[in-house]
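This report describes a protein model through its cores, its helix packing and a few individual residues. The sequence and structure come before the detailed account.

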Amino acid sequence: MLDFIAAFERGGAVLWMLQFTTLRHSPLDAINALIRGCLLEERLGENTFTYAPKSGAAQALKWTFHNGLGLVFVAVYQKTLSLLYVDELLTAVKDEFAGIYKPGHRGYKEFDDVFQRVLREAENRAELSKRQTVMRTTVSVKQNGNNSSGQSKKDSGGTKSSSKAGGDADEEDETGANWKPGANGTTGHASEVSADGEDGDTSGAEDGVRAFDVSKLPKGIASRGRGVRGRGGPAASIKVDTSSKKKEEVAPKKKARNWNSLFPSGKGDNPDRIDYTEEGDGPPTASDRDLVSGTSASATEDEGTGRRGAVSRMDVDEDDYDDDDETRTEEVNSNTLLGKATGPAAAPAKRGLLASFVSSLKMNVVGTSALTHTDVEPALVDMKRKLMERNVAEEIAAQVCDSVGRRLEGQRLASFTGVAAFVRTAFEEALSGILNKRAVDVLLDIKKSQARGKPYVIVFCGVNGVGKSTNLAKIAYWLGGHGIKVMIAACDTFRAGAVEQLKTHCARLRVPLYERGYEKDPAKVAYEAIRQAERDGQHVVLVDTAGRMQDNQPLMRALSNLIATNNPNLVLFVGEALVGNDAVDQLTKFNKALSDLAPTAAAAAASGATGVSGRGDADGSALTRRHGGVIDGIVLTKFDTIDEKVGAALSMVYTSGAPVMFVGCGQTYVDLKKLNVKSVVKSLLR
């Protein structure tokens, strides 16, 4: 039985609603959840959306669109029920409602009687289909029973006839027992010793009885037997030419360097050169002298005022896209005016010359009645190929194309507008909507935490080798440029050199580091760091964690315990832009593991949870799900190494629902910027 059914416009205005049961929550809550979690996320290809209210059973929502009128029809029922007629009912309701719809009109009370009639017809058809299915199943069971009884009678008759010939068969078995196939496919009489050997007796071998000698066989058969087993010929036939081998040159040993001279009290080699990436062992450059002196060409600091001279790229507004992108877009639009997609997979079906000309003229000049799936399918295939070439995960590309295709069906083309150009515009809107997530205003939240006298805690997590520590230092530099006091907590107590790496960054950035060495509990180290920052008046605590693969359950449980115990204000997933399909697997399993393996709120409180506002939940998991998961934001690293293959950003945002908050684009502290959504969309569709 349905809970309620509703029809509303894409703008959000509810036109008609009919409720059948009393709910503990407002029906609009379920509709708003559908809009936020599915319609705005370009997940129209999914068949069912699940809404879990705060009180009451979970509900299943199914929907359909009338794209020509911009209407959405939603049917809501209990998730535990299996209503087979919902899809057919929504289609019938859409057709009936479209006949009485008037733009700008509100309130369609007269549609209640029409819906009751449509509902009865759908239920009757579903019941009839169910009865026919049961009847067919019953008939098939009876037929199988008759066939099995006839077969049993036939088998019983065969048993009688076979028993008569049993004596002859036994005699044949006795005579044939002494005959067995020989080795390598030859035949011969087996000896008694070999027969006993089959039972596990090896006494025959001790008496000197040997197995069949293969050398007695003809050469052709013997060589064929070895060939079957894949063995080569004699060893003499294989000749290895060792004269052509060159002696490998012994690489010179690299002299170890002592980097302790970078610290004020360190004793080391005091090198004149640090950067050996390009000039080799040439003379030291200006940047080398800056690095040795504790500054850099791109990140200098005035020791008198504590003010950094270089501004982080986070605070610099970049152009959305350059003139070349605009020119290229105009060329694409002009080439697709006739509605032809630009990929080999987008070839139209073969039709007559006159039919193709009339169809093209009708669709592109005077418009068309309504777009169908056949009209947009070639352009969707071409768009999917483009997305996958830009490193978008195949699963995500298919879902986005399916969602856009469903949204385009039924819409009308304007005059002199091609299908491919129309589809491209729809993709630009869809991709911009996915990537334009409302990110957390970190600076504003930090000021609110300062007013409460609590430090703002940010936890960085991710797989191995993606650049967590490096980008943590970039964020610390950016926060320091805004006059915010930062402390770094070294909670990577597993990887060798992790603490020393943070020591180097802290010495350069001149921020305090809280560390307890290696082989310590990361959750306890983070807890002590937060307490120390609160006593010292620090504004932000950046928690560095060890890299871990998403399938490593013990390490994922430790990370979940760290988050549940310390209740950070922000959990950032650090992922590299080079990743492809693995981005979906990483984020999905990180979110699932961090929420499923989290201790309950009571256990977290017993272990010493700090109670930072925003994440505790008294009656369940100690982690509050934001954007459908634990991860609140994404740090996309190595963005300067991918050129136009920016698809990882789309895959990560679409999978987690969390925004890309920071983008790492270089090796210096200022190389941190915001995600340029328009530039990414242009690169994806180029």
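Which residues does Phe427 touch, not counting residues up to four places away in sequence? They are Leu380, Met383, Leu387, Val400, Cys401, Val404 and Leu685, where contact means heavy atoms within 4.5 Å.

**Basis of the description**

The model is predicted, so local features need pLDDT of at least 70 and side-chain atom pairs count only at pLDDT 80 or more, while totals for chains, interfaces and linings use all residues. Residues are numbered from 1 along each chain as its sequence is written, and side-chain values use heavy atoms, with hydrogens and water left out.

**Overall composition**

The protein has 22 helices and 17 strands; these are DSSP runs numbered from the N terminus, with helices being H or I of at least four residues and strands being E of at least two. Of the 686 residues in the protein, 38% are buried. Buried means under 20% relative accessible area, exposed means over 50%, and partly exposed lies in between, with a 1.4 Å probe and protein chains only. Among contacts with a separation of 6 or more, residues 24 or more positions apart account for 70%.

**Nonpolar cores**

A nonpolar core is a set of buried Ala, Val, Leu, Ile, Met, Phe, Trp, Tyr and Cys residues joined through side-chain atoms within 4.5 Å. In the largest nonpolar core, which has 111 residues, Phe427 and Phe662 touch the most other members. Helix α13 (residues 419–435) supplies the largest share of this core, nine residues. A second, separate core has 25 residues, including Leu2, Leu90, Val93 and Tyr108. In soluble globular proteins, nonpolar side chains tend to be buried together.

**Helix packing**

Axes are lines fitted to C-alpha atoms, for helices over the stretch in contact, and angles run from 0 to 180 degrees between N-to-C directions.

| Helix pair | Axis separation | Angle |
|---|---|---|
| α11 (residues 373–389) and α12 (residues 394–408) | 9 Å apart | about 150 degrees |
| α13 and α21 | within 9 Å | roughly 65 degrees |
| α17 (residues 522–536) and α18 (residues 553–566) | within 8 Å | roughly 30 degrees |

Angles under 35 degrees count as roughly parallel, over 145 as roughly antiparallel, 65 to 115 as roughly perpendicular and the rest as oblique. A crossing is left-handed if the near helix is turned anticlockwise from the far one by less than a right angle, and right-handed if clockwise. For the residue classes, Ala, Val, Leu, Ile, Met, Phe, Trp, Tyr, Cys and Pro count as nonpolar, Asp, Glu, Lys and Arg as charged, and the others, Gly among them, as polar.

Helices α11 and α12 are therefore roughly antiparallel to each other, and their crossing is right-handed. From α11 the contact draws on Val376, Leu380, Met383, Lys384, Leu387 and Met388, and from α12 on Glu394, Ala397, Ala398, Cys401, Gly405 and Leu408. This contact has nine nonpolar, one polar and two charged residues. The loop between α11 and α12 holds Asn391, whose phi is near 80 degrees, a positive value in a residue other than glycine.

The crossing of α13 with α21 is left-handed. Leu431, Ile434 and Leu435 of α13 make the contact with Ala649, Leu650, Val653 and Tyr654 of α21. By class, these residues divide into seven nonpolar, no polar and no charged.

Helices α17 and α18 are therefore roughly parallel to each other, with a right-handed crossing. Here Pro522, Ala523, Ala526, Tyr527 and Ile530 in α17 meet Asn561, Leu562, Thr565 and Asn566 in α18. This contact has six nonpolar, three polar and no charged residues.

**Individual residues**

Thr637 lies in strand β15 (residues 633–637) and counts as buried because its relative accessibility is 2%. Leaving aside neighbours within four places in sequence, Thr637 is in contact with Val466, Gly467, Asn471, Val574, Gly575, Glu576, Ala577 and Gly664.

Lys638 is placed in the loop between β15 and α21 (647–656). Although Lys638 is not a glycine, it has a positive phi of about 55 degrees. Lys638 counts as partly exposed because its relative accessibility is 29%.

Ala498 belongs to helix α16 (residues 498–509) and, at 1% relative accessibility, counts as buried. Apart from neighbours within four places in sequence, Ala498 is in contact with Asp492 and Tyr518. The C-alpha atoms of Ala498 and Gly517 are separated by 9.5 Å, with the two residues 19 residues apart along the chain.
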